[in-house]
Amino acid sequence: MDEKCQQAIGYSTKTALLKLRDDIRNVIDEYKHKNRMRLGIIRKIISFNSEKVLLSGVAYTVTIINIVCLLLTYLIGETVLPQGYLLWEALFLFIILIVNFLVALNEEYLYQNEIPHRVKKVLETLDSAIEKCYWKEIHYPHLCAPFSPCVILQWTYRDGTIVNLPWALLVEGDIIVLRPGQEVPGHVQGLSPGDPELFFGQIFQSDSKFTKENCSAPRVCTPHPNKEYRMCETPYLKNLRLALDEATNRPVTVYEKQRYLCTVKIMEGIVMPVVIILMVVGCIIRHLYDLPGTTHWTEVYLLQTIAASLPLLQIIFPIIWVTLNCYGLATFKHLSMTRPKYSRPKSCSISEDASDPLIQVLSDPNLRPKSFHALAKTFWNILIGKEDMVTRTSNIVHVLGSLSALCCVDKKGILSWPNPTAEKVFFLRNSSPTSQNSSKTSLVGSMGHHSETTLDQTGDSKQNTEPSTVVEVLDLTHDQNAPFRVEFDEQRWRTHLARLKPLGLAALLNTCAAQPTHTYAHFCAHLTCEAQHSEDLVPVTNRRCLCELAKQIGFTDSVTDSYSIQECLAVFRHLQADTIRRETRFVRSLHLSTRVKVPLPHMLAVIVKDHANQLQMLSQGTADIILDSCVDFWNGRDLTTITPSDRKKIIDFYQRNSLTAYCTAFAYKPLTRGVAPCVSRQYLELPADSRPLYAHCQLWPDAPALHFHSTDSLLFNEVTDDDVDDADGYFDMQCNQVFIGMVTMQYQAQSDMVELIERLERACIRFVHFSKENELRSRVFSEKMGLESGWNCHISLMNDQKHSAAGSPLCSETQRSNAHARNELTDALIYSGNMAASKSLSMSAPGAINVEHSTVKFDDEIKKTRHSITAHSGLKEVQLSNASQASTDSLLGSPADGCRSLSCLTDSTDHSAPLNFDMSNRVCTGRRDALTPPDINSIIVFVPLLFLIFNNIYLQDYGEVVCVMGSAANCQNMEIFMQADASIALEPLYPVLCQKMPPYEVPDDCIGPIDLANVLNSVPCSLSMSREADVSLFALIAMSRHFMMCLWNSTQFSICSSCFISFIQVCSALVCLPGCVSAGGCLWSVCASALLAASLSGAPASLAAPLMLRAATRPALVLNARTALFVFWFYACKFLPAAVSILMLHALTLRSFCDQIADHTQTTSCWIVYPVNIGNYTADRDLSEKSWQGWGDDFYDGILTQCVFSGALLRASYVDCEAWSMCSFRYHVPWPLLVGYGTSLVFVFGLNELIKWQEMKVDARNQRRARLDFGTKLGMNSPF
């Protein structure tokens, strides 16, 4: 009984969430059992070949050897007197070694278990939702909400009600409702025994059979029904397993690779072995020849080698590196949570100086954590792995700090507003006075609304016997700060108010009315299913809110109260193959890489009744079928017969704009009878060629023209008051309509994204847009965002061969990647660039729509200007000088000029492109799985530098650092998130049926279903935020660049300091000098230099502004001759003068002291810097076995003081005065040495400034080259 009840109504919310939680826990337990922490983790944290290793096995081995050597020297050393220091030094080394091992073990453990920890946090949120969540229908998006590829929803039974459930919340056993033409959300099984089994990505087709033969008469067809299926799996688990399996396979950051190259491969793998070998060889030579200063073998071979190799071990640096990274991540999270608000005045240009409001906000102290305690808590949680943030598998601070490409894989609700807005309004008007036989009854008057403005006045003195029709196109501008607000560009648009009012009323009663919502949704699903049978048709499946347009025209919300919607009529037809070929000839002339599909002709009409009980029909749909059913058009005062020229102008405008925008036509007709309910629930299918049918019902252009038309004439065909109950009556009802106009709608780019792209371009960060739309729409939208879409700036990732339908279970990664690569979708990449420069360089530069009226003409104009048509690269252009128009597409003009359109499909201009794009010069290739390395090389060579790479994988293959932005509500983004260096999940803005309706409501006391699904989908993402949040991504990038600059400066200083100390020790040993620093001194010097290097990371945030003007250059990740020369010139040359001066002054100072000792004792002499016996001496004065390392010697004994003066390490010694009778003796520094100390300061400082000046010149040259590399196209002023 429970099973039957479950099949009927599905799960309750609590039961479904419990099942989802249990399924996720099972996957996590399975993963942990499969990936248990074993002894192999030790191999990972000491592996020399791992790029994430902090200290390799070489460093651990050498450190242990050094500890043993210190202990051995302590035990058997003979000349070292204060041997207790050796024990303390060995103990300190051992403690540091253990701390490094524990830090590396903790980092590796957190790295392996970061995603399971994130899922654990999600399970806690899920438990909270189970306890107190009582979701209602209002908490879900509307069932008929417009489809958006960024938001994956599924009709599902929850609590006995069908809701629009987010994909991530589906569980095994859910009862879902599949609509015709819908993609299957996962493995499902029909409820009936004979129902087929469907898998993820397949298209659901209803059981009704499609008749391929063309119908010759209108017929009424039953809508394709929805069908209930049961989920056989929890689809989210596949994405979760993918995130778990691929978490440790994500790319290693550039800074980690650089650190590994410098500290492990070079320092531990090359420099340290060379240093040890040199020290051992030098000690052997000194020991074999028994040179002065050679003492016990433990001191010669062990202590001196330890003192030279210890700085190169970098035993403090890994701790500093991990600590600073955790601090940077904590700062980043606080900045992302602060959500600073800033506003840039329209008059303020974008710049990266101190006057930029964004930079001021970034430098504002309010961005800092409110308390040190909050930052310290976040830091500690990140350090121990308790913070709900991806930090180890993908370090977003590292990625954004070295970012070279920001990719976005979703458009609607992310880059653009979720709903399209009106962009152009098309209608017809007469250029001559209205005929005197016209009826006084106007269309607006019949609707009960009168124009408030005077129509165009024409002179009465002259009557034009041949009236002509003028096309009017009014442009609208979208308010960047509001999703729906638009305004007319033309200041005199109110002169057309009478012509616009019918269109506004039709928009309110048809497009934005709530009653036909479900009818339209079912009709769209039916069209989607019908379009699957033709490769050339695409359904228009979303309603478009035009309330704002009606509001601009003058309508208020109360207007709809005067009407009641009675019925809805749906009409559609298929297109014949030859018709499609004829209508797409101009599209083929564009050399598009993919097939451009034609919208499936359809029309939806609503029958409304006003207060006077009069029936009126308001229709909207594609212009081809709307125009077939119209005989007249409304000119603002009465009706005018549509001529062949008028039809051609309407179709021209529609076909041109439907390529790049969404074009909807509107019509009107008064009725005397209604529709029977049995017929209104069905759809009317027309023959593919329905013109002969309309010839019997309406006046076609080749018939004699009548001299009077009015709204009353539309009633003459209605001879009965009986309701329509058959196909013929259905067809007759939609004939003889009045054409009102057309509206084109376009998705508008959000202003903050446009500003972000402009700022990224200034910072030489490439913005890449992955689009699933066709090539033309992708290019048009790219221009709205400021991306370059001109010369060869588009790459098609579409395979030429047809893709077979996904008919197998989604069981592999390849299948998953192909599941969202539908045949009808074109993936396009649009790269950022300088639009203005491109326009001056190429005619195919981004001028998306050709706005020049002279480009294309109508028949009468073409005949007059045929001699001026020229061919250029397969593109014919007609160039004439025209007066400037008020609107871009407005075709106002005198009757003599005729009516112009921006495109023409006649035989004489079938090669003229309506778009000024050079489509023949592009990169066209398949997806990654169909490509081989030679293909990639050819793309790299023969495409612009803007196209050095073209998707996530290839970007990374060629050294680019890629961050991917995507919708958190799109289940198909998981694989892309896992491939990028870092990923950002954005909660998109949800589309709505009407601007008066919210997309959904958020529960007050618990998390909502939308937010919970977003959390599940963004598990592997480094940053998750809402699209409505005030977080500036550019501010986060600036902060990351600044911090990583400071961190890398600290790293470089630490490495150079270690090499500097080791170099001094090696040179001292090779020239037979005592070591400048003892083994213990080296250890403390390394600690001091590491702490000093860490302090460099605290540079003020105000320095972030200049960094955003620098181009992101690719660092050297391999050691070669060029890299070695660069390091030697700009690093070694800075420290080498100081090292040489220290060694010279150290030797001269000791020589001076030795001479002073010889003069005082008269029994010693000097060999280099060592006192040696001369003449007869007693055993207590034998200097042959004395230590010269600062311990136990008679001259440099006692308290060893090392001071830094003038860059030289000096020793002030308090001698054993009793042994040599030198109690009253004091050393003094000769004045030439004092002059040398001062001179060395000036010399080292001047030389470093010279090198710095040269380095700045090289850096400036590299920056110019990097910017040139970023913005130059090969073959067009290329400097390379």
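Start by selecting Trp-88, Leu-91, Phe-94, Ile-95, Ile-98, Val-99 and Leu-102, a nonpolar patch on the surface with about 680 Å² of accessible area together. Patches of this kind are made of residues with over 30% relative accessible area and no salt bridge; nonpolar side chains (Val, Leu, Ile, Met, Phe, Trp, Tyr) are joined within 5 Å, and like charges within 9 Å. Accessible areas come from the Shrake-Rupley method with a 1.4 Å probe, and for residues only the protein chains shown count as cover.

The model is predicted: local features need pLDDT of at least 70, side-chain atom pairs count only at pLDDT 80 or more, and totals for chains, interfaces and linings use all residues. Residues are numbered from 1 along each chain as its sequence is written, and side-chain values use heavy atoms, with hydrogens and water left out.

**The helix of the patch**

Trp-88 sits in helix α5, residues 84–112. Helices (H or I, at least four residues) and strands (E, at least two) are DSSP runs, numbered from the N terminus. Is Trp-88 buried or exposed? Trp-88 counts as exposed because its relative accessibility is 63%. The cut-offs are under 20% relative accessible area for buried, over 50% for exposed, and partly exposed in between (1.4 Å probe, protein chains only).

Next, colour the spans that an unreviewed UniProt entry lists as "transmembrane region": 53–74, 86–105, 269–289, 301–330, 1060–1086, 1092–1112, 1124–1145 and 1231–1251. UniProt positions are given in the numbering used here, feature names are shortened, and annotations may be inferred rather than shown by experiment. Two of these spans can be checked in the viewer. Residues 86–105 are 100% helix and 0% strand, with the end C-alpha atoms 28 Å apart. Residues 1231–1251 are also 100% helix and 0% strand, and their end C-alpha atoms lie 30 Å apart.

**Along helix α39**

Select Asp-1269, found in helix α39 (residues 1231–1271). With a relative accessible area of 34%, Asp-1269 is partly exposed.

**A charged patch**

Move to Asp-722, Asp-723, Asp-725, Asp-726, Asp-728 and Asp-732, which gather on the surface in a patch of negative charge. Lys and Arg count as positive and Asp and Glu as negative, while His and the chain ends are not counted. The place of a charge is taken as NZ of Lys, CZ of Arg, CG of Asp or CD of Glu. Within this group, Asp-726 lies in the loop between α23 (691–695) and α24 (727–733). Asp-726 is partly exposed, at 37% relative accessible area.

**Salt bridges**

A salt bridge is a side-chain nitrogen of Lys or Arg within 4 Å of a carboxyl oxygen of Asp or Glu. How many salt bridges does this rule give? The count comes to 22.

For one of them, show Arg-158 and Asp-174, whose side chains meet at 2.7 Å, N to O. This pair links distant parts of the chain, 16 residues apart: Arg-158 is in strand β1 (residues 153–158), and Asp-174 is in the loop between β2 (161–166) and β3 (175–178). Arg-158 is buried at 2% relative accessibility, and Asp-174 is buried at 0%.

Then show Asp-195 and Lys-227, where the closest N and O atoms of the salt bridge are 2.6 Å apart. Asp-195 lies in the loop between β4 (188–190) and β5 (197–198) and Lys-227 in strand β7 (residues 227–231), so the pair ties together parts 32 residues apart in sequence. Both Asp-195 and Lys-227 are buried.

Lys-424 and Asp-475 come next, with 3.2 Å between the closest N and O atoms of their salt bridge. Since Lys-424 is in strand β9 (residues 421–430) and Asp-475 in strand β10 (residues 469–478), the pair ties together parts that are 51 residues apart in sequence. Lys-424 is buried, at 12% relative accessible area, and Asp-475 is buried, at 7%. Elsewhere, salt bridges that share partners join Arg-21, Asp-22, Arg-25 and Asp-127 into one network.

**Last stops**

Select Gln-314 in the loop between α9 (297–309) and α10 (317–338). Its phi is near 55°, a positive value in a residue other than glycine. Gln-314 is buried, with 2% relative accessible area.

Finish at Cys-326 in helix α10. Cys-326 is buried, at 3% relative accessible area. Cys-326 and Ile-382 are 56 residues apart in sequence and 6.1 Å apart in space, C-alpha to C-alpha.
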